[in-house]
Amino acid sequence: MPDAVVIGAGPNGLVAANLLADQGWSVEIVEEQPEPGGAVRHDREVDPDFVTDLFSSFYPLAAASPVVAGLRLHEHGLRWSHAPRVLAHPLSDGRCAVLARRVDATADSLDAFHPGDGDAWRRLHGMWENLGPDIVEALFTPFPPVRASARLALRLRAAGGLRMARTLALPVRRMGEEEFSGEGGKLLLAGNALHADLAPEAAGSGGFGWLMSMLGQSYGFPVPVGGAGALTEALVRRLRARGGTLHCGQRVRRVLVRDGRATGVVTADGRTVTARRAVLADVSAPALYGELVDADHLPSQLAADVKCFQWDFATFKVDWACSGPVPWQAEAASQAGTVHLADGMDELTRFAAQIAMGHVPDRPFALFGQMTTADASRSPRGTEAAWAYTHVPHVIKADAGDEGLTGSWSKSEQEVMADRVERQVERFAPGFRSRIRSRRILAPPTLQALDGNLLGGAINGGTAALHQQLVFRPLPGTGRPETPVRGLYLASASAHPGGGVHGAPGANAARAALRRHRLPGLTRAQRLLTHRDRTGQKTGPPH
């Protein structure tokens, strides 16, 4: 009998399992898919010579995360790679805003849009240098982050207090208007805000866009050498070195609860896995509270609150194997790992408004990844492994492109939407389609089938909007990983601080379980010896 059962071998589940194993717990992970990784996986199905990331690709939050840093995954084979430039936002007239890892290079790009905007970017970066370390600590520690928040409050007061807080709470359109005279800086902020589901007019989108921009400025948007799955492989190797076990291809059907405490899980094939101390669930909040735990074990108000849980946008993704580099009209885009494709702020607003109305966008804002540019191992020399994803409504009421898309996502509808995405790329890279060697389409139902946490391809575990953050994430009054069932912890991106590959939800859940079951009077070494005596497995010292 393991000390803990972890449901789901996504990055948060793997982080949680590793941290528990570090403290001498025996851990068993049960994963529905045939392989671990959740939304951090790659394959060669687009073209045998090309490595293609199935879901996520760029990991600025992992680079900034003290949780990931503490795991020392480089000792387990993980290596990072960077594109020459972090991000580019080209316009159809040939201008291009560029985010580089050198502040002066980013500033020079923005000065080309309007003199003086480079200094405005330096001021925003100065805010980050002052506040960033405490913001990162507050994000990646359990809620409420008391110490980090206290330090942050002092720094905010010294930096202008309410005025600074107001700036971070602004919609990104308004923040851009107040900070920049030209389009370039505005687009870098707004495009980064739409890495989540935050429209240019959404409250707090300015702070999120600034955060993502500054993470890129400071850490880059790194990728794992060899494919996204290399990050998963390092986590799995580390776990197994500490005695953890992983069972794939087994869907958990139910969490067992006895006398108000989680005691294990039952899989779809009837196998029971009993947990001595805790069950940690790297699953969405609606799945945990609406499917895995019987309603009899939950407060009635929680069941009502789950019905109001809001998912982030649905996602539509296209992968390509390209015979040559992408022919960008703006040459600067050729050096960026990530390229944002929308012809100005108004087009971003139009895109978000169409989704809000339930319309499939006619000119979809696309996040475009140039993976060989970021990591030369991804495809043969002179070629490009590329992808783009965009967002669509979960419930489709109309097609703004007048091509009859209904959301059935039949094969013909998938082809129509993929062609639309390619036309969007062609607006900024004429001739792109002539370089496509092969493509793969991942429509919302496909993404969900590959990872059950991605309902309709919602990739962030729930909306990033303010009404579902902090004490409201995932539900009002549930900002911590503990659940109403003793010994059951929510360890997925549905929990604080939300989506992105940074491991914080898994780490928070693991730490909550450890706090509850700390063995009084035993040193860490003694706990490891206790685990070894109980399991017969040798557990090496944590790194």
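L470 counts as partly exposed because its relative accessibility is 45%, where partly exposed covers the range between buried, under 20% relative accessible area, and exposed, over 50%, with a 1.4 Å probe and protein chains only. This is a predicted model, in which local features need pLDDT of at least 70 and side-chain atom pairs count only at pLDDT 80 or more, while totals for chains, interfaces and linings use all residues. Residues are numbered from 1 along each chain as its sequence is written, and side-chain values use heavy atoms, with hydrogens and water left out.

**The loop around L470**

- L470 is placed in the loop between helix 17 (444-450) and strand 21 (488-490); helices (H or I, at least four residues) and strands (E, at least two) are DSSP runs, numbered from the N terminus.
- Together with V471 and F472, L470 makes a nonpolar surface patch of about 250 Å².
- The phi of L470 is positive, near 55 degrees, although L470 is a residue other than glycine.
- P474 also has its place in the loop between helix 17 and strand 21, and the peptide bond leading from R473 to P474 is cis, with omega near 0 degrees.

**Other backbone features**

- A cis peptide bond, with omega near 5 degrees, runs from H496 to P497, and P497 lies in the loop between strand 21 and helix 18 (504-516).
- D259, which is not a glycine, has a positive phi of about 55 degrees, and its place is in the loop between strand 10 (252-258) and strand 11 (261-267).
- D259 counts as exposed because its relative accessibility is 66%.

**Nonpolar cores**

- The largest nonpolar core has 56 residues, of which W121, L189, W210 and L348 touch the most other members; a nonpolar core is a set of buried Ala, Val, Leu, Ile, Met, Phe, Trp, Tyr and Cys residues joined through side-chain atoms within 4.5 Å.
- Helix 5 (residues 117-139) gives the most to this core, with 8 residues.
- Apart from this core lies another one, of 39 residues, with V68, L246, A509 and A512 among them.
- Leaving aside neighbours within four places in sequence, L189 is in contact (heavy atoms within 4.5 Å) with W121, L124, V172, M175, F180, G209, W210 and S213.

- Helix 10 (residues 205-219) has 15 residues, which should span 21 Å at 1.5 Å a residue, and its end C-alpha atoms are 21 Å apart, which agrees; the expected span is 1.5 Å times one less than the number of residues.
- Because 12 of its 15 residues are buried, helix 10 is largely enclosed by the rest of the structure; the buried residues include G209, W210 and S213.
- G220, with a positive phi near 75 degrees, follows helix 10.
- For helix 11 (residues 229-241), the 13 residues should span 18 Å, and the end C-alpha atoms are 18 Å apart, in agreement.
- The buried residues of helix 11 include L231, L235, R238 and L239, and the helix is followed by G243, whose phi is positive, near 90 degrees.

Terms used:
Patches are made of residues with over 30% relative accessible area and no salt bridge: like charges are joined within 9 Å, nonpolar side chains (Val, Leu, Ile, Met, Phe, Trp, Tyr) within 5 Å. Accessible areas come from the Shrake-Rupley method with a 1.4 Å probe; for residues, only the protein chains shown count as cover. A salt bridge is a side-chain nitrogen of Lys or Arg within 4 Å of a carboxyl oxygen of Asp or Glu.
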